[in-house]
Amino acid sequence: MRLASAGLLALTALTGCATGPAYQRPDASLAAAYHSSGALAERQATLPAPALDAWWNGFDDPALQRIVARVLAQNLDLAAAMARVDQARAAARMADARLLPEGGVSASVAHQRQSVNSPIGKIASSFPGYNREQSIYDAGLGASWELDVAGGLRDGAQAASAEAQAAEADRLGVRVSVTAEAADAYFRVRGAQRRIALAQEQIANNGRLLELVRLRLADGLASSRESAQAEALVAQARATVPPLRIELEVQLNRLDVLMGAAPGTYAAELATTAAGASVAADAATPIAGQPDAMVGATPPAGARGENATVAPETRVPAIELSQGPADLLRRRPDVIAAERRLAASNAQIGAAMSEYYPKVTLSALLGLSSLGANGLLSAASLQPQVAAGLRWRLFDFGRIDADVARARGANAEALAAYRKAVLRAAEDVENAVITLTQLEAQHAELSDEVDAHIRARDASELAYKGGAVSLYEVLEEQRQLLASRDQMARVNADNARAAVATFRAAGGGW
């Protein structure tokens with residue numbers, strides 16, 4: 001008994017000894033600053049830089065703010081991510097509980113009729129007063145505790161805690177993603193609305209030109225060929241509208257699903273363009289002597305989310321990334337999750353290595369047992385018990401070695417995944433910034449191009465009315481103007497989307 005006690009004390013002294021490698025966050029090979037930071041600093045933004053945790057407020061757009069608020073409250077991907085966090089937290093609490101003793105209460109009552117032909121019955125039945133009917137009452141209070149000799153339970157608890165933290169980071173990643181997805185869809189909706197309005201204005205202008213050609217044809221000043229060319233230009237402008245309406249409907253449905261609603265639920269709220277919209281003066285200027293009718297400009301009944309009024313261009317706020325790539329390590333949820341999973345895999349190595357060491361369990365039972373209910377609570381019925389258990393593998397044909405090797409392999413994989421996540425995060429920011437700055441440069445050039453086409457179109461229309469040029473020159477200028485204005489509206493929407501991608505790449509949104 002003394003030797004057993006001494007051995008037990010020695011094993012108890014070993015309780016909590018770490019067997020696995022100590023975790024240390026790996027260094028991230030990141031540059032001190034983004035190589036595109038110079039281009040970002042040169043941007044001429046009319047809106048100040050917003051805080052990264054609520055970057056959508058920087059666009060100064062109440063409709064966008066309302067959409068993001070609904071997404072954060074109603075998005076189903078976000079709800080599922082929160083449920084995964086709850087599961088991971090519960091698993092962590094369960095792992096922590098394994099470090100503590102476990103207790104329980106038991107009670108039982110059994111009634112039996114003793115067989116007189118059984119060995120016990122044959123002996124007992126020979127005594128006077130033998131009663132074959134027996135009722136056995138048992139009650140007990142027991143507890144057991146597995147001593148964490150090699151730290152395996154503690155390593156398991158650390159791994160579960162790190163997994164719970166990774167799940168929380170994943171939830172934040174979903175939050176960042178769904179807010180960015182909602183903003184991206186919103187700006188695509190606004191871009192489609194603007195392009196539809198521009199196309200309808202172009203249809204109206206081309207229709208007025210067609211009416212002029214028909215009047216000149218009636219007076220013998222134009223040919224049927226010129227009339228056919230004008231009709232073809234109207235049809236060409238009309239043909240640009242259906243693809244834009246497809247884009248509009250698809251993005252409206254995408255927004256509704258992101259807000260956790262059936263497609264069509266909130267589309268009516270975006271049916272009009274932003275407040276303060278006005279028709280572009282250059283497109284609305286009628287040609288002298290033409291009727292006011294807008295040939296083919298009326299949208300079909302039931303069209304959602306569009307308005308013939310051209311909305312102002314989206315203004316993109318300034319973006320502040322002065323803290324450099326190192327800030328991604330604390331802001332990017334995917335990087336945080338990858339680092340926490342790396343820590344969990346490191347702890348799993350210790351949990352696997354703990355199987356090399358003995359498992360020690362202490363247990364105690366304070367019980368009562370009696371053949372009758374009357375004597376159950378007496379001192380004579382008391383039967384306490386204390387036990388110590390030891391389990392140690394002598395040989396397992398390499399099972400533990402294989403499990404440790406598997407854990408080390410998983411740790412190496414997690415390390416590679418973490419380093420890849422860091423590099424991908426920096427890549428995302430660099431790509432988003434260069435896209436943003438170059439789209440803004442393209443937009444400035446397109447603005448000059450549109451102005452030039454407007455002047456050329458107006459001059460060609462006046463020259464055509466005076467008979468100085470053919471209708472072909474007028475039609476060609478109309479076609480080029482439509483293409484340039486449409487491209488500029490598309491670039492403006494893409495520019496806003498690039499800003500959203502930049503905020504998302506920087507880990508903004510939480």
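Modeller: Terms first: helices (H or I, at least four residues) and strands (E, at least two) are DSSP runs, numbered from the N terminus. This is a predicted model, where local features need pLDDT of at least 70, side-chain atom pairs count only at pLDDT 80 or more, and totals for chains, interfaces and linings use all residues. Residues are numbered from 1 along each chain as its sequence is written, and side-chain values use heavy atoms, leaving out hydrogens and water.

Biologist: What does UniProt list for residues 429-456?
Modeller: The unreviewed entry gives "coiled-coil region". UniProt annotations may be inferred rather than shown by experiment. In the model, that stretch is 100% helix and 0% strand. Its end C-alpha atoms are 41 Å apart.

Biologist: New topic. How many aromatic pairs are there?
Modeller: The structure holds 7. Rings of Phe, Tyr and Trp (its six-membered ring) pair if their centres lie within 6.5 Å; planes under 30 degrees apart count as stacked, over 60 as edge-to-face and the rest as tilted. W55 and F59 have ring centres 6.4 Å apart and planes at 75 degrees, so they are edge-to-face.

Biologist: Are W55 and F59 buried or exposed?
Modeller: Both are buried. Buried means under 20% relative accessible area, exposed over 50%, partly exposed in between (1.4 Å probe, protein chains only).

Biologist: And what about Y186 and F187?
Modeller: Also an edge-to-face pair, 5.4 Å centre to centre with 65 degrees between the planes. Y186 is buried at 1% relative accessible area, and F187 is buried at 2%.

Biologist: Which residues do ring pairs link into a cluster?
Modeller: W55, W56, F59, Y186, F187 and F503.
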